[in-house]
Amino acid sequence: MTPSSPPSEGPNQVPFQQQPYPGQNGQDWSTQTLPPQQPKKNQSNILGLIALIAAVIGFIFACVPGALIIGWILLPIAFILGLVSLFLKGKSRWMGITALILSIVGTVVGAVVFLTVVSNAFDESFGSGDTTVAGPSENTDSETEQNTDSEVAADEGSSEEGTRGNPYPIGSTIENDEWRVVVNSATPDATDAVLSENEFNEPPVDGAQYMLVNYSTTYLGDNPDGDMPVMVSVEYVTADGTTVNSFDNVVVAPDPIDTTSTLYTDGTATGNAAFEVPTDTAAQGVLAITPGMLGDKVFVAVK
């Protein structure tokens, strides 16, 4: 059988054996072009969507005092799911990012709400109650209660009685659920009496003198273990707004009040506290009385 002959070659046709192929005659494979591919669109991120829903619901419950626990459970879950959703290839990420932001902000808001709830509960459980004040000539059985506020008390320009600008007179009865305090007298210049009381009492610094404040404090609480009068705060506030405590300078006052012995219901302690005050403005200051650790501060005049 005669072998078949190769196809005939035309006048302008390159012989089959001589046709170039990729890589021949220095031809680079990279010159071969491929059809363009369409970019893939990001697919829906189901995990990110779940994280976003959990973050929104958790944020809402974190703002509700009675449902804080639900927010505290959902917000960490939303944070973890949102973080994981960011590492899924080819998936949309905006929902995961939004879930992360909401979970972080919701946690901060939830913490603030939680602290507010705890603070209010603490005040209701351990607070000393509203402070009432009766003037020295008023009958405590028919007194008109006057609620005081520490922020108002700090306002010198306020005309409300019991503030620095308008203090209560000496002899007023300051009372709440735990304590009753009465300032019996104030002696602005009692330096001689203090120095003669104890030989170890040091003289006041230049430009200052000792003041004696005599007051009584009565425990009104019902704690069977009682409480100590040290819980009652009596301070002297100078004319320029500086607070002076009786323990700033350790001296023995004449007939000192005992603040460390326990008082039981209706028990009373009476005595003097010594303050080192400026000589030129001693009578211009006021006394700041706080009946108990959580009581409202009330101001009383020294003259």
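## Arg-180 and its partner

Arg-180 comes out partly exposed, at 29% relative accessibility (buried is under 20% relative accessible area, exposed is over 50%, and partly exposed is in between, using a 1.4 Å probe and protein chains only). Its side chain meets that of Glu-175 in a salt bridge, 2.9 Å from N to O; the term calls for a side-chain nitrogen of Lys or Arg within 4 Å of a carboxyl oxygen of Asp or Glu.

Keep in mind that this is a predicted model, where local features need pLDDT of at least 70, side-chain atom pairs count only at pLDDT 80 or more, and totals for chains, interfaces and linings use all residues. Residues are numbered from 1 along each chain as its sequence is written, and side-chain values use heavy atoms, leaving out hydrogens and water.

## The other salt bridge

Searching the whole structure turns up two salt bridges. Glu-235 pairs with Lys-297, with the closest N and O atoms 4.0 Å apart. Glu-235 sits in strand S5 and Lys-297 in the loop between S8 and S9, so the pair ties together parts 62 residues apart in sequence (strands are DSSP runs of E, at least two residues, numbered from the N terminus). Glu-235 is buried at 14% relative accessibility, while Lys-297 is partly exposed at 31%.

## The nonpolar core

The largest nonpolar core has 27 residues, meaning buried Ala, Val, Leu, Ile, Met, Phe, Trp, Tyr and Cys joined through side-chain atoms within 4.5 Å. Val-213, Tyr-215, Tyr-236, Phe-275, Leu-287, Ile-289 and Val-300 touch the most other members. Strands S3, S4, S5, S7, S8 and S9 each give two or more residues to this core.

Beyond its neighbours within four places in sequence, Leu-287 is in contact (heavy atoms within 4.5 Å) with residues including Val-183, Val-213, Glu-235, Tyr-236 and Val-300.

Terms used:
Helices (H or I, at least four residues) and strands (E, at least two) are DSSP runs, numbered from the N terminus.
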